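These are my notebook entries on one structure.

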Amino acid sequence: LCDGLRHAADIGDLSRPVRCTWQILGAPGSRVPASCGVEVSVQAPLSLQQRYDYVAVIGGLLSDLGAVDSSYNRFVQQCVTEGIPLIGVCTGSFVLAKLGLMGTRTSCVHAYHAEDWEREFPQLPYVTNQHYLRDRDRITCAGGVSIIEMTAELVRLHCGESLAAKVIHQM
């Protein structure tokens, strides 16, 4: 997601956030471990002092979802209250559903996690035959390379066709 935005953000190839900006949110001074073990530094606190067009929720390993600090859940709830659209990336859709934020919305779930979804949320609709799905103020993405298509669509909506094509070409 960040890399797609990076390609759309700049004129040329200098990786400057001219047209798009992004931040990794979390507890100040902490690092967020990805499911592959790489740790990503937090850049900004969980705060809505800055206006965000979207907030993306990255779930990680399903077995670890219950161990997330409650400040993250409160922040996501605050985003809903403020009307900020949410993006559930890969198992981020599970996080949104666990927080009760999907309602009757349909989620896009990776086929690998379809049985997990059915077990956890038998009452919630989902699809596995799309890369991403926008259902009102929620966007869910299957993860993996699907993120490229979703990012390109967000760039198209906010920055235009040529920059969306740049994202696809560069990624």
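Before the sheet, I note the terms: strands (E, at least two residues) are DSSP runs, numbered from the N terminus, and two strands pair if DSSP finds at least two bridges between them. I work with a predicted model, in which local features need pLDDT of at least 70 and side-chain atom pairs count only at pLDDT 80 or more, while totals for chains, interfaces and linings use all residues. Residues are numbered from 1 along each chain as its sequence is written, and side-chain values use heavy atoms, with hydrogens and water left out.

**Entry 1**

I looked up the strand order and found an open sheet of four strands, 5-6-10-9, with mixed pairing. Strand 5 and strand 9 are at the edges with a single partner strand each, so one side of each has no neighbour in the sheet. On average, neighbouring strands are turned by 15° against each other, direction ignored (axes are lines fitted to C-alpha atoms; angles run from 0 to 180 degrees between N-to-C directions).

I then followed the pairings across the sheet. Strand 5 and strand 6 run parallel and are joined by four bridges; Ile58 has Val89 of strand 6 as its bridge partner. Strand 6 (residues 86–89) is also parallel to strand 10, again through four bridges, and there Val89 is partnered by Cys141. Strand 9 (residues 132–135) is antiparallel to strand 10, with four bridges, and Tyr132 stands opposite Cys141. I record a hairpin between strand 9 and strand 10, with two residues between them; Arg136 in the turn has a positive phi of about 55°.

**Entry 2: side chains of strand 10**

In a regular strand the side chains alternate between the two faces of the sheet. In strand 10 (residues 138–141), I find Arg138 and Thr140 pointing one way, Ile139 and Cys141 the other, and all are buried (under 20% relative accessible area; exposed is over 50%, partly exposed in between; 1.4 Å probe, protein chains only).

**Entry 3: cysteines**

How many disulfides does the structure hold? I find zero, a disulfide being a pair of cysteine sulfur atoms within 2.5 Å. The closest cysteine sulfur to that of Cys2 is in Cys20, 11 Å away, too far for a bond. Cys20 is in no disulfide either, its nearest cysteine sulfur being that of Cys159 at 3.8 Å. Cys2 is partly exposed at 31% relative accessible area, whereas Cys20 is buried at 10%.

**Entry 4: Leu46**

I located Leu46 in the loop between strand 4 (44–45) and strand 5 (55–58). Leu46 is partly exposed, at 23% relative accessible area. Leaving aside residues up to four places away in sequence, Leu46 touches Leu25, Gly26, Ser71, Tyr72 and Phe75 (contact means heavy atoms within 4.5 Å).
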